[in-house]
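Here are a few notes to read alongside the model. Keep the viewer open and follow the points one by one.

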Amino acid sequence: MAATTHSSPMSFLLSHPQPRSATPGTRLPLRPAARRVRCATDAAAASTKHRRAADENIREEAARHPAPKQGLSAWYEPFPPAPNGDPNERYSLDEIVYRSSSGGLLDVRHDMEALARFSGAYWRDLFDSRVGRTTWPYGSGVWSKKEFVLPEIDPDHIVSLFEGNSNLFWAERLGRDHLGGMNDLWVKHCGISHTGSFKDLGMTVLVSQVNRLRRAPLSRPIAGVGCASTGDTSAALSAYCAAAGIPAIVFLPANRISLEQLIQPIANGATVLSLDTDFDGCMRLIREVTAELPIYLANSLNSLRLEGQKTAAIEILQQFDWEVPDWVIVPGGNLGNIYAFYKGFEMCRVLGLVDRVPRLVCAQAANANPLYSYYKSGWTEFQPQVAKPTFASAIQIGDPVSVDRAVVALKATNGIVEEATEEELMNAMSLADRTGMFACPHTGVALAALFKLRDQRVIGANERVVVVSTAHGLKFSQSKIDYHDSKIEDMACKYANPPVSVKADFGAVMDVLQKRLKGKL
Ligand SMILES: Cc1ncc(COP(=O)(O)O)c(C=O)c1O
Ligand SMILES: N[C@@H](CCOP(=O)(O)O)C(=O)O
């Protein structure tokens, strides 16, 4: 489904004006008012009583107050445990290993007995006490749950941009006016985040562990960190590596990611390879390359990532004051995230922070729906596919690495898989925008699944539902431009709202406005 280039009222949106810059060599004079503000601020700072010495930073301060040792630990185990495999197969998180001895997936396992020495109420209170602080590293929504993530990592090794703590938005109008009077519909805005997607949550964990491995005493010879990407993993990897001073290498499918996503790793100084293949092809290549070169693999095949991503589930519980929603709807591509959500909810259940888990829905684009087809076959036959282009370009994935993880998550939560056509996902996204959001097409996929499940009466009007918004809509502005331009082949673009070209003349402007406002005045 290609959008056409042409001249129209929207075409001004296609050319980007150059930002104005000061003439090279000229220095902008510091205005006297600004100078005054600075002096006043300096004086205020001097009189403020610091918790730490003025020459100490928050990392150093944290090092002076080490958390008490709680005997917690985590390691890698085969996922799922192989029936005839070695029951003792496990690896330290300090090993560089992505696959079990039988070639299967790995999972990070926590010492649940050690965690269970503390009550659910203890963990709830601890996590609540850290929200909204700047104490290193707990100002991060991920590291505020450090004990459930990487309990043993030294805070000094953590690479964090204080990610997480994202908005849980009450979608009042969307639920009430467009979903049959739903009164408890929420959108978890994981994309309103440092690099504009939920990938930040996992990347802080992975890059922190790499940082630990590279530094003394482990001093592992890791030359860089690499990933294949449909645009969001690469953005997150590049930003966290840049923050840590670690080289990043990203493999991108040429012409299949948005311009905004492409510029992110370029700006962050990553080595960007644009490859003439799709995401699945990039994934195969990065796996081969990381087996040959000392490049650490950052895709969610590496289960470290999911430890960070699972904190979004814990955060949702926390934001509802530890009440469990009825449904959580997650758009799925490589399928790590749906499992991460399950893992976060299940860990809280097992440790007594809550008493049940929500039902999960994984939503796929119909053009890239291998999990949906698998689900529809009654989980009998998984067929990888060549995914077709979709406006939800970050989930154009035909051979997801975490398919087995997704099946575990869905079976354990009495979950559902839904799909959305291009028209359904773009309409759902655009309708959500009309109620005050600025959703990305992937969120459109999840919203379209909700519309279907409401129509089928699977989800009730009074149930508490959370739709996970995985990326910021601004990363996908071209798809919105195409939609509002109504020039997408075979799509009615029901909610298109193009700008109106009007002569700069009072009468002409009045005519347009009167027509628009007819019956509304
Ligand atoms: C914006 C966005 N939404 C959803 C997904 C799906 O997540 P997962 O690959 O973990 O299924 C991805 C990446 O695949 C993504 O970038
Ligand atoms: N949407 C992802 C696809 C790769 O997923 P990952 O979670 O396995 O890294 C991306 O943005 O690259």
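1. How many nonpolar, polar and charged residues does the shell around ligand 1 have? Before the count, one caution: this is a predicted model. The shell has six nonpolar, seven polar and two charged residues.

2. Now look at who comes nearest. There are 15 residues around ligand 1, and the nearest of them are D232, G333, N334, L335 and T470.

3. Next, zoom in on the oxygen atoms of the ligand. D232 uses its side chain: one of its polar atoms lies 2.6 Å from an oxygen atom of ligand 1. With G333 it's the backbone, where an N or O atom lies 2.7 Å from an oxygen atom of ligand 1. N334 also has a polar backbone atom 2.7 Å from an oxygen atom of the ligand.

4. So how much of ligand 1 does the protein bury? On its own, ligand 1 exposes 380 Å², and the protein buries 98% of that. As for where to find ligand 1, it sits in the largest cavity.

5. Then move on to the second largest pocket, with a volume of about 800 Å³. It's lined by 30 residues, and P66, A67, Y138, K146 and P155 are the closest to its centre.

6. By class, the lining of the second largest pocket has 14 nonpolar, five polar and eleven charged residues.

Key:
Residues are numbered from 1 along each chain as its sequence is written. Chains are lettered from A and ligands numbered from 1 in the order in which they are written. This is a predicted model: local features need pLDDT of at least 70, side-chain atom pairs count only at pLDDT 80 or more; totals for chains, interfaces and linings use all residues. Side-chain values use heavy atoms; hydrogens and water are left out. A residue is near a molecule or strand if one of its heavy atoms lies within 4 Å of it. A polar contact is a pair of N or O atoms within 3.5 Å; within protein, one must be able to donate a hydrogen and the other to accept it, and residues adjacent in sequence count only if both atoms are side-chain atoms. Accessible areas come from the Shrake-Rupley method with a 1.4 Å probe; for residues, only the protein chains shown count as cover. On a 1 Å grid over the protein atoms alone, a cavity is a set of points where a 1.4 Å probe fits but cannot get out, and a pocket is an open set with protein on both sides within 12 Å along at least five of seven lines; lining residues have an atom within 4 Å of a point. A molecule sits in a cavity or pocket if more than half of its atoms lie within 2 Å of its grid points. Ala, Val, Leu, Ile, Met, Phe, Trp, Tyr, Cys and Pro count as nonpolar, Asp, Glu, Lys and Arg as charged, and the others, Gly among them, as polar. Grid points are joined across faces, edges and corners, and a volume is the space filled by probe spheres set on the points.
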